[in-house]
Amino acid sequence: MSRTIRRQAPPLEAIEAFILATRSSSFRDAADRLALSPSAFSRRIQALEAFVGVALFVRDKGSVTLSKTGERYLRTVEPAIDSIRRATVDLQAERGGMALRIVVPQSFAIGWLIPNLPDFQRAHPEVNVELRIGRDIDDLRRGHADAAIYVGPGDIGSMPAIRIAPINGILVSAPELASGRSPPTRLAELPDVDRLAVYRPEGLWERWLRNMKYDGAPLSPPTYFEAQFLMFEAAAAGLGVAIVAPILAHRLLDQGRLVRIGGYQAPLGIDYYLVFADEAVQRRPDAIKFRNWIKSGLDRFV
């Protein structure tokens with residue numbers, strides 16, 4: 001006589017989708033983070049609801065919110081999934097040979113980390129570093145990464161973090177502007193030149209000018225770029241002046257493609273942090289070696 005044993009727990013991928021849905025602005029956003037189509041993501045949620053036999057979300061005119069039952073279920077399963085992830089990380093660490101997976105903003109990766117990473121690998125050949133470009137520290141919560149370079153202040157929840165460097169801004173341009181004129185030498189000349197900026201982090205020009213106590217004529221809105229390295233290249237091409245962090249622009253400065261304007265420097269009100277997924281990751285030997293190396297390397301920009 002055959003017996004069918006009913007599965008008592010839903011698939012982990014369905015639980016992962018459920019937890020991520022509660023941490024995202026929409027199902028579409030959560031689907032993007034898992035590299036799934038919206039329909040595939042919805043099927044995972046529907047499969048979980050069918051398994052537990054109750055709706056976990058309230059769907060109303062295109063909006064989706066967590067139901068009371070869903071809230072109760074989340075409080076139970078979320079710590080369990082976190083425990084599974086931590087236990088897996090600890091076991092992998094005991095075996096050795098695991099990679100240190102780091103989420104890093106594109107600008108920091110291009111401007112500092114990747115050019116300097118060979119030095120770390122020569123000093124610590126036993127450590128395998130894997131980089132993932134991004135700003136989303138939810139990858140740490142989901143167990144998809146071990147640490148992240150984070151631009152703060154911001155909400156990192158209960159995850160352990162250390163400040164590795166403050167971010168100061170200096171005023172730069174090409175040695176000669178595209179118009180043929182020389183770069184400005186004083187803040188009072190800023191109304192006469194184009195300013196370059198990035199969308200994120202927001203408000204860099206405003207904070208910098210405020211910290212410099214700028215009291216000159218009103219300035220025209222800057223030209224915005226999607227990424228820091230695009231703004232750097234635009235400045236090096238003579239399209240305007242920019243506020244840059246020496247940490248990111250030092251190679252262009254060393255090459256003479258960018259020149260510093262005056263001795264102007266001011267804090268931007270943000271810092272670089274190294275955030276760890278949890279205390280177990282923070283204690284790992286490879287994480288400690290990376291932490292010490294990156295902090296030492298950035299000290300010269302402080």
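Guide: Let's start at Lys213, which sits in the loop between α7 and β8 (223-225). Helices here are DSSP runs of H or I with at least four residues, strands are runs of E with at least two, and both are numbered from the N terminus. Phi of Lys213 is near 60°, a positive value in a residue that isn't glycine. Lys213 counts as exposed because its relative accessibility is 69%; the cut-offs, with a 1.4 Å probe and protein chains only, are under 20% for buried and over 50% for exposed, with partly exposed in between.

Before going on, a word on what you're looking at. The model is predicted, so local features need pLDDT of at least 70 and side-chain atom pairs pLDDT 80 or more, while totals for chains, interfaces and linings use all residues. Residues are numbered from 1 along each chain as its sequence is written, and side-chain values use heavy atoms, leaving out hydrogens and water.

Pro201 lies in the loop between β7 (195-198) and α7 (204-211), and the peptide bond from Arg200 to Pro201 is cis, with omega near -5°. Both residues turn up again at the largest pocket: of its 14 lining residues, those nearest the centre are Arg135, Tyr150, Val151, Arg200 and Pro201. Pockets and cavities come from a 1 Å grid over the protein atoms alone: a cavity is a set of points where a 1.4 Å probe fits but cannot get out, a pocket is an open set with protein on both sides within 12 Å along at least five of seven lines, and lining residues have an atom within 4 Å of a point. This pocket holds about 320 Å³, where volume means the space filled by probe spheres set on the points, with points joined across faces, edges and corners. Strand β5 (residues 147-152) gives the most to its lining, four residues.

Leu196, Ala197, Val198, Leu204, Trp205, Met231 and Ile243 line it, and β7 and α7 are the elements that give two or more residues.

Finally, the packing. The largest nonpolar core has 72 residues, and Phe108, Leu171 and Trp208 have the most contacts inside it. Such a core is a set of buried Ala, Val, Leu, Ile, Met, Phe, Trp, Tyr and Cys residues joined through side-chain atoms within 4.5 Å. Strand β10 (residues 259-276) supplies the largest share of this core, nine residues. Leaving out residues up to four places away in sequence, Phe108 touches Leu113, Ile149, Ile247, Leu248, Tyr272, Ile294 and Leu298, a contact being heavy atoms within 4.5 Å.
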